[in-house]
Amino acid sequence: MMAWLSELWGGGQALVEPASQRDATAFAQIHGASFHRGWGEGEFERMLSERNTLVHRLRMGRKTVGFSVSRLAAEEAEILSIAVAETHRGRGLSYGLLLTHLGHLAGRGVRTVFLEVEENNQPARRLYERAGFAVVGRRERYYQQNGGEPLNALLMRRDLS
Ligand SMILES: CC(C)(COP(=O)(O)OP(=O)(O)OC[C@H]1O[C@@H](n2cnc3c(N)ncnc32)[C@H](O)[C@@H]1OP(=O)(O)O)[C@@H](O)C(=O)NCCC(=O)NCCS
């Protein structure tokens with residue numbers, strides 16, 4: 001199943017599709033550029049082969065420009081990571097990616113979705129709030145920055161009907 005988002009980008013339409021092993025290289029590149037501790041290609045290959053892990057890719061034309069990854073456990077899931085390549089941010093593309101991902105989780109019987117987000121990560125917090133997530137907890141000094149102050153994490157939750 002795929003979701004047509006919009007024609008926001010001159011290069012073509014944005015598509016959200018189930019990911020495959022062939023996406024591991026692009027995902028590792030986007031993840032490495034988005035987070036302090038990047039996940040390597042091997043890590044993505046492993047997750048893409050696991051039955052309890054759901055991964056979607058965001059594609060613009062022939063280019064993979066984002067991903068969402070979550071882990072399922074019975075009726076609960078945790079979003080482990082979501083990112084859009086820097087060149088494609090700020091256009092609302094992550095919203096369609098996340099909503100499609102949530103729709104697939106619901107289709108697999110998930111009723112509650114959790115995630116952790118760094119407290120100062122405003123774009124991510126705006127995205128999750130718009131997608132119906134609410135803050136249900138706070139973890140002090142949860143993320144260790146390279147050589148910097150530890151950062152707080154917020155735990156967010158959304159129920160899927
Ligand atoms: C979080 C992320 C996926 C959002 O993707 P995106 O497609 O650029 O998202 P959007 O264009 O919908 O922007 C999200 C919201 O953040 C806002 N925003 C964007 N940049 C911002 C900034 N620098 N400061 C504050 N708000 C900002 C947007 O206005 C939007 O809010 P709105 O819905 O109220 O208009 C993307 O920024 C990203 O990949 N970040 C790096 C990885 C990351 O942090 N992932 C989340 C980990 S929990």
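**The ligand and the pockets around it**

What you see is a predicted model, in which local features need pLDDT of at least 70 and side-chain atom pairs count only at pLDDT 80 or more, while totals for chains, interfaces and linings use all residues. Residues are numbered from 1 along each chain as its sequence is written, and side-chain values use heavy atoms, with hydrogens and water left out.

At Ile 82 the backbone takes part, with an N or O atom 2.8 Å from a nitrogen of the ligand. Taken alone, the ligand exposes 960 Å², and the protein buries 71% of that, the areas coming from the Shrake-Rupley method with a 1.4 Å probe.

How many residues surround the ligand? There are 20, and the closest are Gly 90, Gly 92, Asn 121, Arg 126 and Arg 130, where being near means having a heavy atom within 4 Å. By class, this shell has nine nonpolar, six polar and five charged residues, with Gly counted among the polar ones. Helix H4 gives the largest share of the shell, six residues, helices being DSSP runs of H or I with at least four residues and strands runs of E with at least two.

Now to the space itself, since the ligand takes up the largest pocket, in the sense that more than half of its atoms lie within 2 Å of the grid points. A pocket is an open set of points on a 1 Å grid over the protein atoms alone, where a 1.4 Å probe fits, with protein on both sides within 12 Å along at least five of seven lines, and its lining residues have an atom within 4 Å of a point. About 1,400 Å³ of space lies in this largest pocket, and of its 37 lining residues, Ser 34, Phe 35, Ile 82, Asn 121 and Ala 124 lie nearest the centre. Strand S5 supplies the largest share of that lining, seven residues.

Finally, the second largest pocket holds about 170 Å³ of space and is lined by 14 residues, among them Gln 29 and Glu 86. Here the largest share, five residues, comes from H1.

Technical notes
A polar contact is a pair of N or O atoms within 3.5 Å; within protein, one must be able to donate a hydrogen and the other to accept it, and residues adjacent in sequence count only if both atoms are side-chain atoms. Grid points are joined across faces, edges and corners, and a volume is the space filled by probe spheres set on the points.
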